[in-house]
Structure formats: structure tokens, C-alpha cells
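Dear colleague,

Here is the structure for your files. My notes on what was found follow below it.

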Amino acid sequence: MIFWVITGLLLEGVAGVALDPCSAYTSLNEPWRNTDYHVKQSSGVPFCDSHVSGEWYRFTGMAGDAMPTFCVSEDHCGTHAPIWLNGSHPQAHEGIVSLPVCASFSDNCCQWNASIDVKACTGGYFVYRLPRPPVCFHVYCGHFYDICDEVDCAGPSCPKSDCRCAPGTVLGPDRQTCLDVNECAKGNGGCAEMCVNTKGSKRCECGSGRVLAADGSNCREDAGCHVNNGGCSHGCSPLSDSYRCHCPRGLELGEDGRTCQVPVQCDSSAIVVAVPKDLVEGLELSLSNSSCRGVSNGTHINLSFSLNTCGTVVEVTDYKIVGTNLVTGLPRSSPSSSSDLIVRTNKLVLPVTCEFPREYHVSDGYQASQRSSALELAGRSEGVFPFSLELFKSAEFSEPYSTPPQLRLHDSLFFGVEPKERVEGLSARVESCFATPGPRADQALKYYLIKDGCISDETVTQYLSKDQLSKHYQVPVFKFIGKDNRQVFLHCQVLVCRAGDSHCSVACGGRVRREVRTAEPQEQHTLSGGPIVILPEPGR
């Protein structure tokens with residue numbers, strides 16, 4: 001159960017001053033959040049923190065006192081991939097501190113990582129600003145920390161506190177809880193490569209294909225398949241002077257040359273996962289939204305979804321749009337065929353991630369008709385993902401041309417950038433739109449309609465759009481000078497942002513006015529380079 005706790009004031013005062021999160025937080029008190037709660041204790045499917053939304057939270061009740069600062073084993077906290085705090089809790093005087101968190105999965109203490117905000121409160125507890133995890137099944141863990149031992153001592157040599165904590169722990173702000181010390185925080189714990197903080201201690205680990213040396217700190221190369229299977233996730237075959245990793249039928253070797261992966265086809269409108277059937281016999285596969293189930297084609301179990309369906313979580317990084325979902329396989333309640341009478345594995349948890357670049361170039365064009373002075377629009381050309389440049393019949397922007405239309409100079413050309421998939425939580429900014437006399441966007445001769453995210457030709461009008469990903473414009477029809485230049489192509493560069501991101505909300509009003517004021521007379525500025533030619537009327 002989750003309780004919303006607000007004390008003192010509203011979250012935002014009249015003057016716009018935010019309240020201290022120590023006074024306003026959501027209390028997380030579910031018993032399954034505790035590090036001692038194994039996923040097998042859950043009667044149904046593993047739990048997931050898909051409802052967490054970036055607010056401030058405090059661990060209370062049976063969930064624990066605070067987040068664990070040590071690696072929590074897979075399948076604890078009531079889920080498959082428990083999330084723990086990979087750092088030491090702050091002191092009260094430090095205020096709000098950003099710290100990394102990790103999700104444990106597949107024998108990797110930090111299979112996924114992110115960052116959260118943490119604050120130590122004067123009441124002796126901690127509050128955490130927790131973003132929504134990228135996939136299910138992830139859960140933020142709570143932990144019951146040990147209480148310090150009372151010290152009976154009198155005299156000047158006694159410690160300042162009457163409580164004593166065990167080695168590897170430190171007294172918390174409530175002066176009675178012993179918090180775990182992150183030994184990896186200083187000098188990487190003395191580890192040559194990876195340091196993993198454990199309860200009361202730490203351990204060193206090595207990257208794929210390397211093993212820990214006898215000193216427990218340094219790493220050395222694998223000697224071959226007989227040592228840790230050569231670092232291969234599945235098969236390992238020795239060669240004359242080396243070895244190689246290989247995969248079972250239906251799987252493919254990943255970029256690291258050691259890990260076998262299920263093939264995934266990434267497209268903006270459909271992401272398809274094909275799991276070999278003989279690897280998951282007896283299991284029923286589904287996605288984060290359990291109503292999205294796998295379909296067998298005889299050899300594979302196929303699961304198809306998009307960025308906007310089946311519980312897919314979409315994140316925007318500096319350079320990529322990342323869509324993540326999770327394939328889960330649980331034993332069938334009743335066999336659907338004779339082959340389902342046996343189960344080769346008791347579960348399957350398969351994270352699926354598709355990455356797309358944030359920036360796209362989309363193009364379209366129109367062609368001058370040889371019969372008269374009219375201009376003929378050519379067909380549209382779509383970008384890679386997820387936008388296309390459409391040419392519309394009217395300012396309604398509801399009906400694109402299906403056949404090349406006939407337009408004359410000074411007629412209105414309505415064009416827009418349209419997403420192939422409308423994904424909630426994303427917005428777009430048209431960084432530039434320019435025209436060229438040929439289809440190539442890298443031609444030297446080009447005319448900008450939009451530049452640096454702002455309209456650079458004052459004849460361009462922007463219309464309100466139906467969502468934050470669509471962008472609609474109108475401009476008078478024009479062509480490049482020269483009798484051989486009967487074609488005009490448009491090219492637009494689009495940047496995708498998370499909704500509300502300042503990168504996609506650039507103010508352009510002042511910039512455009514300054515350009516008009518500092519330029520030459522208006523006609524010369526508008527017609528610079530001669531992009532528009534007034535053709536004679538038909539019959540003249």
C-alpha cells in the first residue's frame with residue numbers, strides 16, 4: 001500500500017517556493033519491497049514499479065528503513081531485477097544529492113543503471129526522488145538496517161556516541177541505525193576493474209573474458225574454455241591458439257563476441273522479437289503488458305509491439321530514442337500441445353531494447369510542369385524514423401496529396417513533418433527546412449525556410465498542430481531561377497526531445513525581428529538568391 005504524506009505546507013507555495021521533500025513524500029511500505037522478500041513468495045507475477053513517476057518517496061513499515069547500498073541478488077524485493085543504491089547515503093548538511101542506482105539481473109549487479117536524488121532529513125530518515133524504471137520487472141528495494149549496540153562506558157576515553165556499529169557500517173542520522181559503508185566509493189575499492197559493494201564489505205569483478213587474479217583485485221585474461229567457459233554465455237570451442245564463443249540454433253552472437261542474444265527487428269512501427277521455440281517449451285511468453293502474448297509460427301515464438309503499445313518504456317538520451325520492453329515467460333497453466341508437457345526452464349526474463357537516433361533528415365519535392373507555368377508536386381519520401389514530410393491540400397493538414405497536384409507560383413504550399421508513431425511523452429523541434437533544385441540535400445545551392453529552429457523566411461507561416469510531434473507550415477509556391485530548374489525539393493532536420501525539454505522549446509520571436517531590422521529592405525531580404533520566379537500566366 002502507498003500513502004501520500006504531506007505535512008506543514010502545500011507542495012508549491014503562493015510565491016512559487018517548493019516545499020522541502022522531507023515534509024511531502026509518498027510512503028512506500030509494501031512488505032515485498034524488502035530485500036528479504038524473494039520473488040517466489042509472490043503468488044502472481046513479479047512486482048513492477050511502473051507507477052513510480054519521479055516524485056519523492058520514503059521507505060517505511062515492512063518495506064524497510066532505507067534503500068540498500070549493497071548489491072541485492074536477482075529475484076529479491078518481489079521482482080526479477082531489484083534496484084539498489086550504488087553509493088553512500090548523504091549527510092543532512094549535504095542537502096539533495098544525486099547518486100547512481102543499479103538493477104541486478106543475470107549475475108550482473110549493475111545490469112541497468114540510472115541516477116536518483118537523495119536527501120537526509122533532520123528526522124533521521126531519507127527521502128528519494130525515484131524516476132520510473134525503464135522496464136518491468138524492476139522494483140526499488142527497501143532494507144532493514146541493523147540497530148547499533150549500546151556501549152557502557154564512562155570516562156574521557158569513551159566514544160562520542162553511546163552506540164557502536166559493526167565493521168563495514170556507520171551510524172546513521174537517526175543515531176541508532178547502522179548504515180552500510182560503500183567501500184567502492186574510495187579508490188574503486190582497490191579493484192583494478194569493477195568494484196561491487198556488498199553488505200558490510202565489497203568484491204572485485206572483471207569484464208567479460210577476464211578472470212580475477214589470485215590477489216583478488218587485479219584481472220587477467222581467460223586461459224580458454226576450461227576457465228569460466230571462456231566468458232561465453234553459451235558454447236565455447238577451443239582453437240589451436242585461442243577459443244571462440246558460439247550460440248545455439250536460433251540465437252545470434254552479440255557485439256561483445258561472447259553473449260548470445262535473441263534476434264530483434266527494430267522499426268518505429270513494429271518491434272519484433274523471435275524466440276526459438278525449443279528454448280522455451282512449456283512457457284507462455286508475454287510482454288510488460290501481459291495481454292500482449294507471443295504467437296508461435298512452428299519454430300519461433302514471435303512477439304510484436306511498438307513504441308506506443310504493450311507497456312514499452314521510451315527514454316530520450318543525448319543522442320538516442322530508446323524503447324525498452326521485457327519478455328517474460330512463465331509456465332503454462334495447462335499444456336496446449338504434447339511438447340508443452342515438459343518445461344526446460346522455470347522462467348524466462350528477456351529485456352528488449354531498440355535504439356533510434358534523435359535527429360532525422362526528411363525530404364520531399366515538387367516539379368515544374370512543362371505544359372504551363374504550373375508546378376507539379378512529386379510523391380513523398382519518408383525518413384528512417386519516425387517522421388515523414390507530407391504535402392497537404394489545405395490548412396486543415398488532414399488530407400495529404402495522393403497524386404501529384406497542379407500548383408502555380410504564389411499558390412499556397414502546405415507542408416508538415418508527421419511522426420510515423422505518436423509516442424506519448426515525446427516532442428519534436430524542426431531545426432531546419434531548406435529547398436534545393438535537386439533531390440540531394442547536400443547541394444551547394446539551397447534556400448532556408450527554417451534555420452536553427454526558427455523561421456528564416458518571413459513568408460513561412462506555422463500552424464498549431466494536433467500534438468507535440470507534428471509540425472505544420474504554409475509557404476507561397478516558388479522555384480529556383482533558371483529555365484532548367486523545374487524542380488524544388490524540401491529537406492527538414494528534426495530533433496526529438498522528451499516533452500517539456502527546453503531544447504525543443506526555443507523562443508524565436510526576438511531573433512526573427514532582429515534579422516528583419518538588420519537586413520536590407522524587405523524585398524531584397526525575401527528574394528535573396530532568387531528562389532521565387534513569377535512565371536507568365538497561361539496564354540501570354
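Asn-188 counts as partly exposed because its relative accessibility is 29%, and that class lies between the cut-offs of 20% and 50%. Please keep in mind that the model is predicted. Asn-188 sits in the loop that runs between β12 (178-180) and β13 (194-198). Its phi is near 55°, which is a positive value in a residue other than glycine.

Phe-397 is another residue to look at. Its phi is also positive, about 55°, although Phe-397 is not a glycine. The loop in question is the one between β31 (387-392) and β32 (406-407). Is Phe-397 buried or exposed? Phe-397 has a relative accessible area of 4%, and the cut-off for buried is under 20%, so Phe-397 is buried.

Strand β31, at one end of that loop, also belongs to a sheet. The sheet is open and has four strands, in the order β31-β33-β38-β37, with antiparallel pairing. Its edge strands are β31 and β37 (461-463), each of which pairs on one side only. On average, neighbouring strands of this sheet are turned by 25° against each other, with direction ignored.

Within the sheet, how many bridges join β33 to β38? There are six between strand β33 (residues 412-419) and strand β38 (residues 471-476), and the two strands run antiparallel.

Regards

Key: Residues numbered from 1 in each chain as written. Predicted model: local features only at pLDDT ≥ 70, side-chain atom pairs only at ≥ 80, totals over all residues. Heavy atoms only, no water. Buried < 20%, exposed > 50% of the residue type's maximum accessible area, 1.4 Å probe, protein only. Pairing = 2+ DSSP bridges. Axes fitted to C-alpha atoms, helices over the stretch in contact; angles between N-to-C directions.
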